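I opened my notebook to get to know a structure that was new to me. Come along and look with me as I go.

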Amino acid sequence: MLRSLLFKKLEQKEQDMIKHYQYLHQYPEPSFNEVKTSQYIEAFYENKDVVIHNRIGGNYGLIVEIEGSLPGRTIALRADFDALNITEDTGLPFSSKNKGWMHACGHDAHTAYLLILAECLIELKAHLPGKIMIIHQHAEELAPGGAIDMMQSGYLNGVDEIYGIHLFPDYTPDVISYRKGPTMGGRSLFHLKVKGKGGHGSSPHLANDAIMAASTFVTNVQTVVSRRLNPFDMGVVTISSFNGLGSLNVIQDSVELAGDVRYMESRIGHQIHVEIEQLIKGLEDTFNIQCEFKYELDCIPLVNHYKQTDYLIDILATSQGDYFESLKEHEQLTSSEDFAIYLEKIPGTFFFVGCKPYGIEKAHFNHSPKFVVNEDALLTASKALGEVVLNRLSIE
C-alpha cells in the first residue's frame, strides 16, 4: 500500500527532518530577504527528478513540480520559511545565530517537514498519478506577503486543490485540528497623523492641541466595535503606536498614531474602515485640526473550503489512534495567515498540528521569544499532509 510505503520512508527520514529544522532555526532571515534560506531549499532539490521554479516574483520563493508517472489531478502543498524580528530567549542549543531574528512561528519546522515529505514523494513518483506542486513560500510575516507572488506567477493555474499546515502550541503533537469556513482573521493597518496648531502650555486657547484630539480618537475608535458593529460580528481595533513626544511646556502641533484592525469577514473590515473615516471627519470639525489617514489591507480572512475540509476530516479520521490520537475542531483564530490568498482562488483547507512540548500546562505561543517546537510534530505533520495528498491524487 502506497500510504504504508510513504509512512515508512518518513519514519526512516525523521532525523533528517529534525536536522533540517535545527539548521534552519539557527539561521533565520527576514521576509523578502530570505537569501540563504532559499538557496538551502534549492540545493536540497538539486539532482532530484523535479522541475524547480525559483525567485518567484523576483523574490525568494520556490515552486517545485513533482510529476507522477500516471495521469491525474494536481495538488499543491505549501510551507513558509521567513522569520521574525525577535531576539530568541529559548536556551535551545541550536538557538538563532542571526542576532535580533528568530524563527518564532514554526516556519523552520514547516519547511523541514515539507522538504522530507517532498523527497519521499519524489522517490515514489513512479507510483503516483497526477502532479504535486510543492510551494516553499517566502514572506508570510510581512505585507503584502509572498502568497501573492506565488499566485501571480502562473505556475499554480492548473492546481485542483491546495493544503497547508501550521504548527500551534495549543496541543501536543498527538492532536490535529481543523475548522470549516472562516478560520483565521483578516488584518488591515492604519496610520493617522493629526495636525493641529502648536503653542505654549500656558496658553492653550491660542493653540489647537493635537495630543488632545489624538487622545480623543484613541478612546472613540473603540466605539466602532462596541457600538457600530453587529454584536455577532468579530472586530478588533488596536492602537499600537502613539508618537506625541515633546517638551513639557509645549503644545504639540502634530501627533502620529498607528494600529491594526482584525476581522473574520472582509465586509466587516470595510465597515470598520468607513466608520473610522467618519470619526476622523468629526475629529477635524471638533478640534479644528487636519488629519492624514491611511488604511491598508494587510491580509484577507482565511476561509477554508467546506468540501475540502470534509475530505480532510474523512481521510484523517481513519488514522486517528495511529500516528496521532485526537482529531478535533479548532476555534477561530484572530491571527492572520496569507494562505488565505491561495484559498481565494483554489479549493483547499489549512489545518493545524499541535507542537506543545510534553509535560507543560501552557506553552509560549507563536511570536514569543520563548516559542519552542516539539520536534515530534514534524513527523505528525508530514504524515498528515502526505496521506491527504495521496488520497486526493487518487480521485478521478
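**Entry 1: rings.** I started with a working rule: rings of Phe, Tyr and Trp (its six-membered ring) pair if their centres lie within 6.5 Å. I kept in mind that this is a predicted model. With that rule I looked up how many aromatic pairs the structure holds, and the count is 13.

I looked at Tyr 23 and Tyr 27 to begin with. Their ring centres are 4.9 Å apart and their planes meet at 45°, so I noted the pair as tilted. Tyr 23 has 37% relative accessibility and counts as partly exposed. Tyr 27 is also partly exposed, at 30%.

Then I turned to Phe 44 and Tyr 45. Their planes stand at 90° with the centres 5.2 Å apart, so this pair is edge-to-face. Phe 44 counts as buried at 12% relative accessibility, and Tyr 45 is buried with a relative accessible area of 1%.

I also found a cluster linked by ring pairs: Phe 168, Phe 339, Tyr 342, Phe 350, Phe 352 and Phe 365 belong to it.

**Entry 2: charges over rings.** Which ring does the charged end of Arg 392 sit over? I found it over the ring of Tyr 311, 3.6 Å from the centre. Arg 55 lies over the face of Tyr 60, at 4.4 Å from the ring centre.

I stayed with Arg 55 for a moment. This residue lies in strand S1 and is partly exposed, at 41% relative accessibility. Its phi is positive, about 50°, although Arg 55 is not a glycine.

Entry 3: I wanted to see where the nonpolar residues gather. In soluble globular proteins, nonpolar side chains tend to be buried together. Here the largest nonpolar core has 65 residues, and those with the most contacts inside it are Tyr 45, Leu 77, Leu 121 and Leu 316. Helix H4, residues 107–123, gives the most to this core, with eleven residues. A second, separate core has 24 residues, including Leu 156, Phe 339, Ile 341 and Tyr 342.

I picked Leu 316 to look up its surroundings. Leaving aside neighbours within four places in sequence, Leu 316 is in contact with Ile 176, Tyr 323, Phe 324, Leu 327, Phe 351, Ala 384, Glu 387 and Val 388.

**Entry 4: the whole chain.** I stepped back here. The secondary structure comes to eleven helices and 16 strands. The radius of gyration is 24 Å, close to the 21 Å that the globule rule gives for 396 residues, so I wrote the chain down as being as compact as a globular protein of that length. Its C-alpha atoms fill a box of roughly 85 × 45 × 45 Å along the principal axes.

Buried residues make up 53% of the 396 residues. The accessible surface comes to about 17500 Å², with 48% of it belonging to carbon and sulfur atoms. Among contacts between residues at least 6 apart in sequence, 81% join residues at least 24 apart.

Entry 5: Is Asn 59 buried or exposed? At 16% relative accessibility I had to count it as buried, because the cut-off for buried is under 20%. Asn 59 sits in the loop between strand S1 (51–56) and strand S2 (61–67). Beyond residues up to four places away in sequence, Asn 59 touches Phe 32, His 138 and Asp 149.

Gly 68 is in the loop between S2 and strand S3 (70–80), and this glycine is buried, with a relative accessible area of 12%. I checked its distance to His 127, 59 residues away along the chain: the C-alpha atoms are separated by 7.1 Å.

The loop between S4 and H5 holds Ala 139, which is buried at 0% relative accessible area. Ala 139 has a positive phi of about 50° although it is not a glycine. Pro 144 is in the loop between strand S4 (129–137) and helix H5 (146–152) too, and a cis peptide bond joins Ala 143 to Pro 144, with omega about 5°.

Entry 6: I finished with Glu 275 in helix H8, residues 266–287. Glu 275 counts as buried at 12% relative accessibility. Leaving out residues up to four places away in sequence, Glu 275 touches Val 224 and Arg 228.

Notes:
Residues are numbered from 1 along each chain as its sequence is written. This is a predicted model: local features need pLDDT of at least 70, side-chain atom pairs count only at pLDDT 80 or more; totals for chains, interfaces and linings use all residues. Side-chain values use heavy atoms; hydrogens and water are left out. Helices (H or I, at least four residues) and strands (E, at least two) are DSSP runs, numbered from the N terminus. Buried means under 20% relative accessible area, exposed over 50%, partly exposed in between (1.4 Å probe, protein chains only). Contact means heavy atoms within 4.5 Å. A nonpolar core is a set of buried Ala, Val, Leu, Ile, Met, Phe, Trp, Tyr and Cys residues joined through side-chain atoms within 4.5 Å. Rings of Phe, Tyr and Trp (its six-membered ring) pair if their centres lie within 6.5 Å; planes under 30 degrees apart count as stacked, over 60 as edge-to-face and the rest as tilted. A charge sits over a ring if NZ of Lys or CZ of Arg is within 6 Å of the ring centre and within 35 degrees of the ring normal. The radius of gyration is taken over C-alpha atoms; the globule rule is 2.2 Å times the number of residues to the power 0.38. Accessible areas come from the Shrake-Rupley method with a 1.4 Å probe; for residues, only the protein chains shown count as cover.
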